[in-house]
Amino acid sequence: MTSAPHSTRSGPHHFAPAGPLRGTIRVPGDKSISHRSIMLGALAVGETRVSGLLEGEDVMSTAAAMRAMGGTITRDAGGEWVINGVGVGGLLQPQTALDMGNSGTSTRLLMGLIASHPITASFIGDASLSKRPMGRVIEPLSQMGADFTASPGGRLPLMLRGTSPAVPITYRLPVASAQVKSAILLAGLNTPGITTVIEPIPTRDHSERMLKGFGADLTVEVEAAKNGMGGTRIIRIRGEAELKPQTIVVPGDPSSAAFFIVAALIVPGSDITIENVGLNPTRAGLIEVLRAMGGQIDELNPREVGGEPVADLRVRHSALTGITVDPAVVPSMVDEFPVLFVAAALAKGRTVTSGLDELRVKESDRLTVMRVALELAGARISETEDGLIIDGTDGEPLPGGNAQPVATHLDHRIAMSMAVAGLASHGGVSVDDTGPIATSFPTFEALLDSLGTTA
Ligand code: S3P
């Protein structure tokens with residue numbers, strides 16, 4: 001296999017104030033879709049081809065695990081990924097522990113896959129991942145018959161003994177989480193009968209779209225409309241499924257585009273185009289919120305790529321106004337809050353966010369870590385139990401010039417959000433470690449440079 005090229009440096013870095021961002025870029029492939037492409041490709045019998053795959057460390061953790069369980073996964077000279085699968089039910093016993101690195105998505109989705117196979121696997125991860133709660137997947141997967149020995153608090157390292165046949169369950173999600181939903185659906189793939197997930201609050205639906213695309217018998221019933229996002233969803237999958245290999249084109253990741261959208265909105269004179277951005281409604285909340293704050297974001301050339309809505313986004317510097325963010329949008333922008341907080345810090349007036357309890361269990365506690373980081377950059381901000389309240393500068397650059405670097409706590413999105421804050425500051429923003437950026441966006445710094453930020 002050829003390894004993915006990237007330019008992210010580890011260690012401390014100072015993000016200096018920038019002149020206008022100008023030009024056209026493409027962000028790497030969607031992380032959620034990339035993980036699922038590899039997992040489903042490695043379960044389908046025959047050759048799946050994936051173009052636009054995100055070649056970040058998190059997705060490589062998934063690829064390594066699927067290889068360890070029998071999948072053949074290679075990158076060809078043209079950058080396309082070629083996957084030959086083992087068939088649903090055919091995963092092999094991995095010979096060593098599965099190292100999940102920093103990736104919660106790899107961990108939780110693979111726990112689901114393995115739960116309904118008669119194999120045993122140990123999961124290990126880095127310091128950030130080893131703090132994150134796994135009880136939310138251990139509980140439903142135990143109901144299906146899998147057996148777990150986890151570290152205290154339901155954390156990694158943990159050992160999973162899968163079972164076959166597993167027992168189909170009907171499970172109502174107690175927390176709005178696409179990872180938990182997906183873990184159960186993936187377990188359902190190799191479980192005889194119908195496994196049902198009831199989802200009161202809709203979350204990203206890539207698993208449903210892709211499982212159907214690979215030929216699984218999966219249905220989605222929507223019970224009642226709510227908040228413009230659709231109401232309770234009842235998702236049923238029939239096992240034991242046979243997956244057919246696919247040709248997949250992965251659209252650009254809206255969660256990666258988010259950093260450039262906010263950067264262009266807050267740096268005066270900016271006018272950029274980000275091509276090929278995935279705009280699945282379950283992912284596009286940030287764009288709506290930024291528009292409500294006055295952001296000029298135009299969708300050009302709307303089209304469909306790989307079964308997902310996609311457009312090119314033209315983003316221009318805008319005078320932003322603070323708003324109260326409706327907690328109903330949280331699932332559709334759950335990963336975008338750190339960078340929204342940066343936009344709010346430059347807006348006119350107050351931005352109030354709530355309903356963000358889940359942010360405390362991401363790669364870091366993103367409420368406390370962003371509150372501390374933005375304070376270091378000179379923003380006016382306070383933390384509540386489930387959100388942040390930010391009083392913006394009305395377009396004035398943040399003071400920046402922090403002597404003590406921002407602590408990123410192995411969290412890529414903290415590092416990139418504070419890089420964006422540095423662009424719109426007087427003194428720049430120093431962060432302690434840009435290494436984690438490579439988990440999701442290895443070309444981030446190179447793309448920033450290409451828009452003229454180092455000029
Ligand atoms: C993801 C779901 C979200 C998100 C993560 C990717 C996925 O996590 O934060 O970055 O691919 O299913 P939760 O389901 O825990 O909210």
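Tutor: Happy to! Let's say that a residue is near a molecule or strand if one of its heavy atoms lies within 4 Å of it. By that rule, the ligand is surrounded by Lys31, Ser32, Arg36, Thr105, Arg108, Ser177, Ala178, Gln179, Arg204, Val334, Asp335 and Lys362. Please keep in mind that this is a predicted model, where local features need pLDDT of at least 70 and side-chain atom pairs count only at pLDDT 80 or more, while totals for chains, interfaces and linings use all residues. Residues are numbered from 1 along each chain as its sequence is written, and side-chain values use heavy atoms, with hydrogens and water left out.

Now for the polar contacts (pairs of N or O atoms within 3.5 Å; within protein, one must be able to donate a hydrogen and the other to accept it, and residues adjacent in sequence count only if both atoms are side-chain atoms). Ser32 places a polar side-chain atom 2.7 Å from an oxygen atom of the ligand. For Arg36, a polar side-chain atom is likewise 2.7 Å from a ligand oxygen. In the side chain of Asp335, an N or O atom is 2.7 Å from an oxygen atom of the ligand. Of the 390 Å² of accessible area that the ligand has on its own, the protein covers 95%; such areas come from the Shrake-Rupley method with a 1.4 Å probe, and for residues only the protein chains shown count as cover.
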